Structure formats: structure tokens, C-alpha cells
Amino acid sequence: MTVQCPNCAHENFDGALFCAECGTKLISEDGLSTAAIRATDTSKGDGGEQAAPIPPPPVQTSDAFVSLHVVRTGQILPLVGREEFTIGRVSEGQSILPDVDLTPFEAYSQGVSRLHATIRVAVDQIMLIDLGSSNGTRLNNDRLQPHREYELRHGDMLSLGRLKLQALVRQD
Amino acid sequence: MATGYLDNYYARLGVPKSATPEQIRSAYHAAARRLHPDTSENPDDTEVFLQIQEAYETLSNVQRRTDYDRLLPDDIDPPSDVMVNAIYSRSVLPTMDSPQLVYVLLDLLSRPTDEDRKKPALNICLVLDTSTSMSGPRLDMVKAAATTLVRSLNPEDYLSVVAFDDRAEVIIPAERGVDLGRIEARISQLRTGGGTEILQGLKAGMNEVGRNLSPSFVNQLLLVTDGRTYGDEAASLEVGDYAADRAITISGLGIGNEWNDEFLDALTGKTGGTSSYARRPDDIRRLLEKQFQGITRTYANNVLLDYKTPPDVELRYAFRLSPDPGALPLKTPVQLGNIPLGPSLSILIEFIIQRVPEGTRQITLAEGDLRLKIPTRKIPDTTARFSLLRTAAKEPEVEPPPQVLVKAMSRLSLYRMQERAREEMEAGNVEKATARLNSLANQLLSSGRPDLAHTVRLELKNIQKGESFGEESKKQLKYETRSLIFPDGK
């Protein structure tokens, strides 16, 4: 009997707690640290599995290369000053802080993990990586495999748990 | 592992119940030499000596020993000197014919008496590299750190200092209570020159520690180097074995990028010691003082796990989580290092069980002796029996593993990934190493270390250009992921 890693598909020995190949945690018991989202919530909220309509991206006013548009409030969060941005929420007693704190947008009840995802800005492309979050990350409604890189383009819709963000990339 | 305490003849001599007549005899002689009223200066020792003599008189005679053994309960051994706590990844193992892994977190905690809370007496030798490359700020910082260290010694501590390049020179022979001013002057006069031959320094250092070797001291050699030693690594490792046999701990500090961290880990690991890495001269003082502090906060040293596993069970990996994280050499007995006065000595062990046949009720993962020395005790040597047991059942209920174990392993997994990426690079398996470093970079990010993730990404670019793994990045990753396992002050 073996345990297959959800990230790299490596077959681990029974009883393994972390993948021997890629280090991904093979057991889930951290539902306590992040509000778990029940399936019913998602379906009544914003369409669940059905593809949500992608709204037209708002006009960008900041000169940041990449910004995040919080769909529900209309707020725009420019990502400036570095190449990598961790996105999550701050909670009490936490030593590791995300670069982008979504606490003001009810991140906890929306199921955002403390360190949920990261956005990496490279010269020619922008990558999105889910950091093994409890409720997962979706990119245009496709669920991401944790710790794997996905390309992010202007206008893409991200769901961190249930919180919806839209990626805005400066169009030069 | 049960703990309990009985004052018994075996505990008095510090030998296991299974000790051979020869072990009993030599334990008695070693204790008698130190405690005999004719040689000891301490009047209290006489009473202890008489107790030991009483024990020896019974245990040295086969008939008397057999009669005495009959009076003892079956499981007499665990003494009260150390509290042992074992946490398992599974409380009940499923019976199955395919392999399964079991993790055990072993916590050894001191139970000090007031006497033990005093600093143990030291018998310490500083072995300092003074090769040409040490010139300038490196040697200046080492001198400053050595001076601070000398000033913090107690009058009953033995200190010696050896400087080495191609040859070794004893700068301060092992002595105690000597004029601080003179020692400081001699340290400040150190000059650089020549190459690095660690073997020379080690031999001279061992010689100095050997002069006053006693289980009542923390016997320690502290090696500081910035270079790679050529041609004498194997011989130096033999000195490591020799030190381990005599319960002398070797710790090391490597400065800059030239020294061989794998060698220094192997050498210090043999003796239960550890290595640390000073990237810049500014780090030297802090790291040396930290190592020194660890030495003076010792409750028990030379902690050994002398174990046996049944045929279907193998101990695959052992790692010291605290203090001084590091992989442990698997040769039995396993050198676990020191039990500090304060935080516990914490070891993570991975077992693989090939099969647990149906109908099995209980399975032994390992059993044997836990041996250690408590320098502040009249009889420093202590032995405790241990066995790691689990019950087994057919399709037991699935339970989440204990949080504390999962947390320890998640911190360890970053270290293991860099370890394996290095092995793969060395084996020429660039593709696998690249994939692993990529995962490591992402895991580092989610652990809140974008700086280290960045180091990995830069290294990946170099590797893609066909370059090898940079020495500085290699060391930085290893020692930083190590320090993530046990952050200072927890």
C-alpha cells in the first residue's frame, strides 16, 4: 500500500507524512487554522463549479506593473517593490507575514490561508503559485495544484478560497 | 518507554542489568580510582565509595548476583536522571505485508538536582586554524571570541589552545586557574602563515584534552577552520572515532566558503558534536559564543543510543532537532549529543517496517540501552534500558498524527530537500536536482523565507547554465534550513 503525493505523484510508503520527493504534506489536519469552506457555501455564493463570468478589468491608475483588483469592493492593490509577493492574511501571534494582507476583505471568513499563494513577477511572465492553502486557489475557475507554477495574465480571475481577485497587468 | 527509579546496585555502578562481569569490574575500578578515600580530596566521596563497594561485592560474585537479581523487578533500569518521552506517528500500526514508515519523536529532558544546576567543569581545547587565509578580520574575530571565552571560564576549568597550519603548536598547554593576562597575551600574539592541515591540529588538541580526561568534566575540542584539508581527511575522521571512544566531543566552526562542511559534519557527528557556518567574519564571535554556551549548559553528555531492531524493522534516518540540529550517523551506538539543562534533547527517528503479519498484537521497533554521562554526579555514567513498542491491529481506525511531530517534520523537510538536491547534483542527476530545488524554492516561500527562495532561484539559473552548485549557496542553504528546524529561543 502506498500514498500518492497530490503534487508530484510520487508513490510514498504507507505511513509517510511528507512526500519524499517534493516535501508536500501528505496529511491534512490544518483545517483548524483556516476557516474551512463547506461545499454548500460555495454553490450558493457565486456559482461554485459553474464558470463565473469574468468582468471587464477596471482601468488602472497606479503605475505598478501588476495589481490585484478586489472584485467585491473594487479596491486595487498595487504590487510594488519586489519580485515576489506572498498573499494571505495576518493573524495574531503569526511570525511570518504575507506581503499582501487580505484581512480587510474578510479574508478569514472567505477561507484565505495565512500564507495562501504567491505571485512572482519575472521579466517576461507572471507566475501564480498556491502555497498549499487549506481551501485552495483557482485560476479562471481551474483549481491549482499546490506548489506548482501557473502563468498569470491580465484580466485573469483568482479565487483564494472564496475571495475573488482579478489580476491587472500594466499594458504598455 | 517506562521511567521509574530504584536505587539498585546496577544504577550505583552505572551499568545495565545485562552488564558482563568485565563491564562491572571496569566500572567499579574507574569509580574506585576517583572516589577512594586515599585519593579523593572530598570527604563526601567516602560514603559514595562505600556504596559502590557494597554493590561491587554483590555483583562481582555469580551466586550473589543471581540471588540479588531475583529480588529485582523485571524492568529495573530506567533511572530518574532523565525523563524520556516518546511520541509516535501512529499509535496502532496496521497489519500489512507491504512496507510502512513509523516516526518517533524522542525527547530527553534533564532532571537536575541543585548540584547539577551549577556549571559542569570543563576540559576544553580550542584548536585554531592560523593558515594564511585566516589573515585579517577572520583571525581578529577569532582572537576576540577566544578572549571572551577564556574570561568566562571558572577556576576549576581546564583550558588549552592549539594553533595549526601545516603544523600544530600548543599555544597554551592544558592547565587551570592560570593567569588570564598571560593567556590573553599569547592569544593576541597569534600570527598566520602556511596551509591547512586539520589532522595536525586535531592530534595536538586531543593530546591536550587527553591529559585531564575524566567523566566528571565536559571534555571538549572546539575546532575553528576556514580551509579544506587535503589528504588527511580519512585520518582526521579516525581521530573522530578515537575521540568518540573516549567521550570527547568535537565541535567545529567553518569560516567562509573554502572549508568542507560534509567533512566537518562527519567528524563532529561521530562524537555527538555539531558544526556551524560563519559566512562573514562578523558571524564568528556570535557563533563561537553560542557553541561555548551550549557546552557550559550541558546536563548530560555523550548520550548514546545502543539499539537493536528486529529483522523486519530498519532505522532509516535519525535527526537531532534540538539542540544543534543535524543528521545523526546511524552506526550503533548512535551518538545523540548532549542533554542541555533546560530544553530537551529532541531526536526524530524514521523506521521502516517491511511487514507486519496479520495477527500481530505488538511490534518492537527498537530496544537497547540509553547510555549517558552526567559530569556533575559522583558516578557520571548512567544506563537506562529502553524499548520502543507499538501495538498492531488489522485496519485500525485512522487518526491524525500528533501535531508536534508533524510540525517538527515539516521544518525538517526543507533541510532534507536541500540535502537530497545536493546528493543528486553530486551524482550528476541534474534534472532531478533541478526539480527538487524548484519545489524547495516554493516551499521556502510558503515558510516565509523569500530570501532563501531567492538564493535557490539564482542557483537554479547557474545550474541551467551548466555550472555547479555554488559553495556559498550550498552552505547557506544547509545551515539556514538547519536553523529553521530549531530557531534560537524556540
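Author: What follows takes the labels one by one, with the values behind them.

Author: First, the ground rules: this is a predicted model, in which local features need pLDDT of at least 70 and side-chain atom pairs count only at pLDDT 80 or more, while totals for chains, interfaces and linings use all residues. Residues are numbered from 1 along each chain as its sequence is written, and chains are lettered from A in the order in which they are written.

Reader: Why are helix 13 and helix 14 of chain B called roughly antiparallel?
Author: Helix 13 (residues 430–446) of chain B packs against helix 14 of chain B at an angle of about 160°, with the axes 8 Å apart. Axes are lines fitted to C-alpha atoms, for helices over the stretch in contact, and angles run from 0 to 180 degrees between N-to-C directions. Angles under 35 degrees count as roughly parallel, over 145 as roughly antiparallel, 65 to 115 as roughly perpendicular and the rest as oblique. The two helices are therefore roughly antiparallel to each other. Helices here are DSSP runs of H or I with at least four residues, strands are runs of E with at least two, and both are numbered from the N terminus.

Reader: Which residue classes make up the contact of helix 13 with helix 14 of chain B?
Author: Contact means C-beta atoms, placed from the backbone, within 7 Å. Among the residues that meet are B:Leu437 and B:Leu444 in helix 13 and B:Leu452 and B:Val456 in helix 14 of chain B. By class, this contact has 12 nonpolar, 2 polar and 2 charged residues. Ala, Val, Leu, Ile, Met, Phe, Trp, Tyr, Cys and Pro count as nonpolar, Asp, Glu, Lys and Arg as charged, and the others, Gly among them, as polar.

Reader: What makes helix 12 of chain B roughly antiparallel to helix 13 of chain B?
Author: Helix 12 and helix 13 of chain B pack at an angle of about 160°, with their axes 8 Å apart. That makes helix 12 of chain B roughly antiparallel to helix 13 of chain B. Their contact divides into 9 nonpolar, 3 polar and 4 charged residues.

Reader: How do you know that the length of helix 15 of chain B agrees with its residue count?
Author: The expected span is 1.5 Å times one less than the number of residues. Helix 15 (residues 471–485) of chain B has 15 residues and should span 21 Å; its end C-alpha atoms are 22 Å apart, which agrees. Its buried residues include B:Leu477, B:Tyr479 and B:Ile485, where buried means 20 or more other C-beta atoms within 10 Å, exposed 12 or fewer, and partly exposed in between, with C-beta atoms placed from the backbone. Helix 12 (403–426) and helix 14 (450–464) of chain B are among the elements that cover the buried residues of helix 15.

Reader: Why does A:Glu106 count as partly exposed?
Author: A:Glu106 has 15 C-beta neighbours inside 10 Å, so A:Glu106 counts as partly exposed. Phi of A:Glu106 is near 55°, a positive value in a residue other than glycine. A:Asn140 also counts as partly exposed, with 15 C-beta neighbours inside 10 Å, and has a positive phi of about 45°.

Reader: What kind of peptide bond joins B:Ser322 and B:Pro323?
Author: A cis peptide bond, with omega about -10°. Another cis peptide bond joins B:Thr332 and B:Pro333, with omega about -5°. Most peptide bonds are trans.

Note on methods. Two residues are in contact if their C-beta atoms, placed from the backbone, lie within 7 Å.
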